[in-house]
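Hi,

Here is the structure I promised to pass on to you. Please have a look at it first, and then read my notes below.

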Amino acid sequence: MKKIIDKLKVHNRIRVGYGTAFFILLVSYVITLYANARLIDQAGIVDHTNKTITHLETILSDVKDGETGARGFYIMHDDRFLGPYYSSRARVDSMEGLLRRELDNPLQLERLDTLEQLVSEKFHFLTSGIRELRDNNFELSDSLRTKIVKAQHTMEQLRRLVLRMQLAEGKELTLKKSNFQSTSLRLKFIIIVSLLFAFLLLIFGFITYMFENKARTEADGKVQQYQDQLRQRILELRNANRELLQMRSQEKFAATGRIARTIAHEVRNPLTNINLAMEQLKGEDGLADDSAILFEMIQRNSNRINQLITDLLNSTKFAELTYGKTSINTLLDEALQLADDRVKLYNITVEKQYSMDMCEVAVDKEKIKIAFLNIIVNAIEAMEPGKGVLKLVTKSERNKCMVEIADNGTGMDQESMGRLFEPYFTSKNKGNGLGLTNTQNIILNHKGTIQAESEPGKGTTFIICLDFVD
């Protein structure tokens, strides 16, 4: 429980660290956007001031153009010099309208009113001078000289006023630049500090994550190691259990053999006496006619009991084997060929999964084929005709030759599985129940093992294990 709490605390520190870092980064981003907006505003202010100064300079220049055109007319008495005068008046009016829309300072607006008056006076003096010069037949009168002097004085006032307005705009621009720079420095400082904090928090989160990830990796490694050890133990236990079952099967088989030999000895002695007595009675005279029938019945059943005892002894005794090297795949095919008529009769599908790199085995070929044939015949008879699938598998496992013969028949319950290799145990209507006992005897004689896996309704699989040829 404590480990889980510590782990949650570490995870919370990581989440808080990264969350705070991202929040600070978000704040820094917002501040950057604000600073950028202020910069755009400042650029607009600079552009506005530059336009205002330019417009003022343009007005002054246009007035000068008008004055130059009028002076040319005064001197040359030629109307062509009046072109700049007429055009400058229209341009000045246009610039004054632009200035009035752009200026928002009340003092500058008052100065603009004064500027418009001075411009109007300037052009009034120029216009009246031109008219008077024409009326006096281009002679310079005292009145005209006075107007020229007044126009010059108005021009000087106009220059000073334009200069004053330009200086005012420049001062305002300087003040705004100063305010913007101080604000920009503060914002830069805040951004740098926030980024520094965010970077430190990211480092903290990364280091915490690395330590936690290292601990988690070590824990996962230990868990994986424990799992591997557990799987190894389970495998060892499974192998030990398999070996135990094999030992129990061998012991059970040996005990069955001992019992069979004891029964054979105890039964055959009285059976021999019965046969001798019967032979003696058959030789005596004066017996009834139907006695022969009874003697024949006794003889037939006595022979049957003797044959059953012989079959039991043969299925449980260790026989002499004639070993030969051969391929287990070939033996399976030959055993299957012996059951070919049953395969066709029951319309069984045969699936083979043979390992092609199997080594040879040293076995008694005929006896091993009998063992395989018994299993194959039982599998065929356990399946439903037309739907049965017989699977034959060979493979190498734990340096042993493994053979699997599986069917999809009715399967067996646990009680039947426990008595599977017992003599005279059978679930079929016909059969003496010694087939699998004989099969087990053959496999055990080859120092091999045989076991079965089955579930009701899911079929049965026999697994035979034999040694390869050294």
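**What I found**

The protein has 10 helices and seven strands, where helices (H or I, at least four residues) and strands (E, at least two) are DSSP runs, numbered from the N terminus. Please keep in mind that this is a predicted model, in which local features need pLDDT of at least 70 and side-chain atom pairs count only at pLDDT 80 or more, while totals for chains, interfaces and linings use all residues. Residues are numbered from 1 along each chain as its sequence is written, and side-chain values use heavy atoms, with hydrogens and water left out.

**Confidence and overall picture**

pLDDT is the predictor's confidence in each residue, from 0 to 100. Its mean over the protein is 77, and 78% of the residues reach 70 or more. Over residues 1-8 pLDDT stays under 50, and for that stretch the model has one contact beyond four places in sequence; contact here means heavy atoms within 4.5 Å. Where pLDDT is low, the predicted coordinates should not be read in detail.

Of the 470 residues in the protein, 34% are buried. Buried means under 20% relative accessible area, exposed over 50%, and partly exposed in between (1.4 Å probe, protein chains only). Among contacts between residues at least 6 apart in sequence, 78% join residues at least 24 apart.

**Helix α10 and what follows it**

Nine of the 11 residues of helix α10 (residues 435-445) are buried, so the rest of the structure largely encloses this helix. The buried ones are L436, T437, T439, Q440, N441, I442, I443, L444 and N445.

After α10 comes K447, in the loop between α10 and β6. K447 is not a glycine, yet its phi is positive, at about 60 degrees. With 72% relative accessibility, K447 counts as exposed. N347 is another residue to look at: its phi is near 55 degrees, a positive value in a residue other than glycine. You will find N347 in the loop between α7 (340-345) and β2 (349-353).

Strand β6 (residues 449-455) holds I450, which is buried, with a relative accessible area of 7%. Leaving aside neighbours within four places in sequence, I450 is in contact with I375, F421, T439, Q440, I443, F462, I463 and I464. I450 and C465 are 15 residues apart along the chain, and their C-alpha atoms are separated by 6.4 Å.

**How the helices pack**

A note on the geometry: axes are lines fitted to C-alpha atoms, for helices over the stretch in contact, and angles run from 0 to 180 degrees between N-to-C directions. Angles under 35 degrees count as roughly parallel, over 145 as roughly antiparallel, 65 to 115 as roughly perpendicular and the rest as oblique. A crossing is left-handed if the near helix is turned anticlockwise from the far one by less than a right angle, and right-handed if clockwise.

The axes of α8 and α10 come within 9 Å and cross at roughly 145 degrees, and the crossing is left-handed. On the α8 side the contact uses K367, I368, I370, A371, N374, I375 and N378, which meet G435, L436, N438, T439, I442 and I443 of α10. By class, these residues divide into seven nonpolar, five polar and one charged. For these classes, Ala, Val, Leu, Ile, Met, Phe, Trp, Tyr, Cys and Pro count as nonpolar, Asp, Glu, Lys and Arg as charged, and the others, Gly among them, as polar.

Helix α8 (residues 365-382) also meets helix α6 (residues 328-338): their axes come within 9 Å and cross at roughly 55 degrees. The two are therefore oblique to each other, and their crossing is right-handed. I328, L331, L332, E334, A335, L336 and L338 of α6 make this contact with K365, I368, K369, F372, L373 and I376 of α8. The contact has 10 nonpolar, no polar and three charged residues.

Helix α2 (residues 83-102) and helix α3 (residues 106-135) pack at an angle of about 170 degrees, with their axes 11 Å apart. That makes α2 roughly antiparallel to α3. Their contact divides into nine nonpolar, three polar and five charged residues.

T326 lies in strand β1 (residues 324-326) and is buried, with a relative accessible area of 10%. Beyond four places in sequence, T326 is in contact with L331, E360, V361, V363 and K365.

Best wishes
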